[in-house]
Amino acid sequence: MRVYIVEDDENIREVVQYALGSAGFEASGFETGAEFFAAMEKAAPNLVLLDIMLPGDDGLTILKKLRNNPRTKTLPVIMLTAKGGEFDKVKGLDMGADDYIAKPFGVMELISRVNALLRRSRTASAPGETLEYGSIKFDTARRAVIIDGGAVALTYKEYELLHYLLLNRGLALSRDKLMEAVWGYDFEGESRTIDMHIRSLRQKLGAAGKYIKTIRNVGYMFGV
């Protein structure tokens, strides 16, 4: 598995690259977006670790370019940055990031998240399955969400979260359960990740966002 690290701090870049290499990944580091995109022309990675504060194009600009390119639209991306405020996280997730790790971080947690995201990206939904609820139509063959005939652009994790909620409609699901099912891990304090994705999903679904209900002191439930 090939992982690209876009990080202008040489020390962090080398530590992350070494940790990934020790975990069996083929890891390459880049200081700028220009270097990263030049490497992308030669060989595409399976996952990208992307810092926000970079010389030249910042990480959010790079993320936008990746999501606007059909070839890299679903490429797994983890934002790796010192910008750890909720606003920054929500912005990154809304723009298409699949996960978000704030510095400082532990390398074991980083490796766990990389493995979890890669596992999820390799897990395909049942071919040809179509799920419907109210105005929402879920086409797993095309990984598309349609509302009233129009496609809704969701990030990889938003899609997986909505799919899991829909498959378990009518059941109250805890944040820990959602974290484990969609992200493949459960780290203390990460329930905020679920809340931010739910908030983003509700906004993107518009009126259909009402189907995602908050269950006080538990988590969330779809429908009913």
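The legends below go with several close-up views of one predicted model. Because the model is predicted, local features are given at pLDDT of at least 70 and side-chain atom pairs count only at pLDDT 80 or more, while totals for chains, interfaces and linings use all residues. Residues are numbered from 1 along each chain as its sequence is written, and side-chain values use heavy atoms, with hydrogens and water left out.

**View 1. Helix α2 has its buried residues on one face.** Find helix α2 at residues 33-42; helices (H or I, at least four residues) and strands (E, at least two) are DSSP runs, numbered from the N terminus. The buried residues here are G33, F36, A39 and M40. Buried means under 20% relative accessible area, exposed means over 50%, and partly exposed is in between (1.4 Å probe, protein chains only). Looking down the axis of α2, the buried residues fall within an arc of 125°, so they line one face of the helix. That arc is taken from the directions from the helix axis to the C-beta atoms. The buried residues of α2 pack against β1 (2-6), β2 (26-30), β3 (47-50) and α3 (59-68); contact means heavy atoms within 4.5 Å.

**View 2. D51 is a buried residue in a loop.** The loop in question runs between β3 and α3. With a relative accessible area of 3%, D51 is buried. What does D51 touch, leaving aside its neighbours within four places in sequence? Its contacts are V6, E7, D8, G59, L80, T81, A82 and K103.

**View 3. K103 and P104 are joined by a cis peptide bond.** Omega for this bond is about -5°. P104 sits in the loop between β5 (99-102) and α5 (107-122).

**View 4. L165 and I212 touch the most other members of the largest nonpolar core.** This core holds 27 residues. A nonpolar core is a set of buried Ala, Val, Leu, Ile, Met, Phe, Trp, Tyr and Cys residues joined through side-chain atoms within 4.5 Å. Two or more residues come from each of β7 (136-139), β8 (144-147), α6 (156-167), α7 (175-183), α8 (191-205) and β12 (219-222). Helix α6 gives the most, with six residues. Not counting residues up to four places away in sequence, L165 touches L173, L178, I198, I212, Y220 and F222. There is also a second, separate core of 22 residues, which includes Y4, L66, V77 and L93.

**View 5. The largest pocket is lined by 21 residues.** Its volume is about 470 Å³. On a 1 Å grid over the protein atoms alone, a pocket is an open set of points where a 1.4 Å probe fits, with protein on both sides within 12 Å along at least five of seven lines; lining residues have an atom within 4 Å of a point. Grid points are joined across faces, edges and corners, and the volume is the space filled by probe spheres set on the points. Which lining residues lie nearest the centre? They are K73, V152, A153, L154 and T155. The elements that give two or more residues to the lining are α3, β8, β9 (150-152) and α6, and the largest share, three residues, comes from α3. By class, the lining has nine nonpolar, four polar and eight charged residues. Here Ala, Val, Leu, Ile, Met, Phe, Trp, Tyr, Cys and Pro count as nonpolar, Asp, Glu, Lys and Arg as charged, and the others, Gly among them, as polar.

**View 6. D148 and N217 have positive phi values without being glycine.** Phi of D148 is near 50°. D148 lies in the loop between β8 and β9 and is exposed, with a relative accessible area of 68%. For N217, phi is about 65°. N217 belongs to the loop between β11 (212-215) and β12, and at 76% relative accessibility it counts as exposed.
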